[in-house]
Amino acid sequence: MKNRIALLFIAALAGTVAACDTDLAFAPTTPDTFVVQAFLFAGEPVTEVTVTGVLPIDADSTATAAPIADARIAITRDGARFDLVPTEGEPGRYHYPGSDLLVEVGDVFGLEASHGDRTATAETVVPVPPHGLSLSATVMAPPEFGVRGGGFQPGADEGLVARWENSASALHYVVVDNIEAEPAPFAESPFGGGFARRFVQRPTAGDSALVSARSLSYFGRHRVRLYRVNEEYADLYEGLNQDSRDLNEPPSNVRGALGVFSAFSADSAFFEVR
């Protein structure tokens, strides 16, 4: 999947991304510290790398960390070095422009991120994909909407359930995409503010997730992608649940700066809304 959310730390993750940016940015640091978030996805190009500055501890709650557009970023594997370049129109975001960097299950990757006189490093391993993904149905009806008392009232919601094997209670998350070239939107939908072609659910340690028709906006074919979360990301995600009064630095597998470098693998299943 391209142009993700930074998938997990993106707005699509229902605030997970924003939470990570905020928590990491407000952690006690030295003045030249920066925040790097880098995510690799098996079988996909490297596009999810961002670098930002930090905020003072007394900054306004609405403040955001400034993007760093002149960092030097490289991904390494088995002695080979792949230099990333800034992504046009997205300050602070970086990607690998070539086609020779393949992300495969079991690969061990290193990260080098430099800005000014500070260099940060990290490692991650691409995990095995989830097992046993199945859907309770392959066809879903759109939600029904009615008008009552001058306002919309929800009608029937023909959702489905995605299930997978998870005896170890590992973290997983679900992404649902409409994959039609020119999808037709539902005629009426009082939920949400627009017609999103993708939604991302919060990570769960369970073995199932509800895909509600009310979370969708279009007819046609949809893909459910189930991602297994790597351990370093799981640690950071759990760290976001700390008491807001606790100013301890959140978990990080980046040495020399703040942030996270992690990898994900996915399995897919498909259904149709009609």
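Let me start with a list of residues. Val-176, Asp-177, Asn-178, Ala-196, Arg-197, Arg-198, Phe-199, Ser-215, Leu-216, Ser-217, Tyr-218 and His-222 form the lining of the largest cavity. Two elements each give two or more residues to that lining: strand S14, residues 172-178, and strand S15, residues 198-200. The top contributor is S14, with three residues. By type, the lining has five nonpolar residues, four polar ones and three charged ones.

How much space is that? The volume of the largest cavity is about 50 Å³. As for the count, the structure has one cavity of 30 Å³ or more. Rolling a probe the size of a water molecule over the atoms is what shows where empty space is left.

Keep in mind that this is a predicted model. So how confident is the predictor? The mean pLDDT for the protein is 79, and 72% of the residues reach at least 70. Confidence is highest in strand S5, residues 85-86, at 98, and lowest in helix H1, residues 16-25, where the mean is 39. Residues 1-27 have a pLDDT below 50, and that stretch makes 93 contacts in the model beyond near neighbours in sequence. Residues 242-248 are also below 50, with three such contacts. Where pLDDT is low, the predicted coordinates should not be read in detail.

Which strands stand at its edges? For a specific pair, take strand S3, residues 72-77, which is joined to S4 by four bridges in the antiparallel sense. Within that pairing, Ile-75 has Phe-82 in S4 as its bridge partner.

Another open sheet has three strands, ordered S9-S13-S16, and its pairing is antiparallel. At the edges are strand S9, residues 131-135, and strand S16, residues 208-211, each pairing on one side only. Here the twist averages 15° from one strand to the next. How many bridges join S9 to S13? Three, and the two strands run antiparallel, with S13 covering residues 160-165.

Note on methods. Residues are numbered from 1 along each chain as its sequence is written. This is a predicted model: local features need pLDDT of at least 70, side-chain atom pairs count only at pLDDT 80 or more; totals for chains, interfaces and linings use all residues. Side-chain values use heavy atoms; hydrogens and water are left out. Two strands pair if DSSP finds at least two bridges between them. pLDDT is the predictor's confidence in each residue, from 0 to 100. Contact means heavy atoms within 4.5 Å. On a 1 Å grid over the protein atoms alone, a cavity is a set of points where a 1.4 Å probe fits but cannot get out, and a pocket is an open set with protein on both sides within 12 Å along at least five of seven lines; lining residues have an atom within 4 Å of a point. Grid points are joined across faces, edges and corners, and a volume is the space filled by probe spheres set on the points. Ala, Val, Leu, Ile, Met, Phe, Trp, Tyr, Cys and Pro count as nonpolar, Asp, Glu, Lys and Arg as charged, and the others, Gly among them, as polar. Axes are lines fitted to C-alpha atoms, for helices over the stretch in contact, and angles run from 0 to 180 degrees between N-to-C directions.
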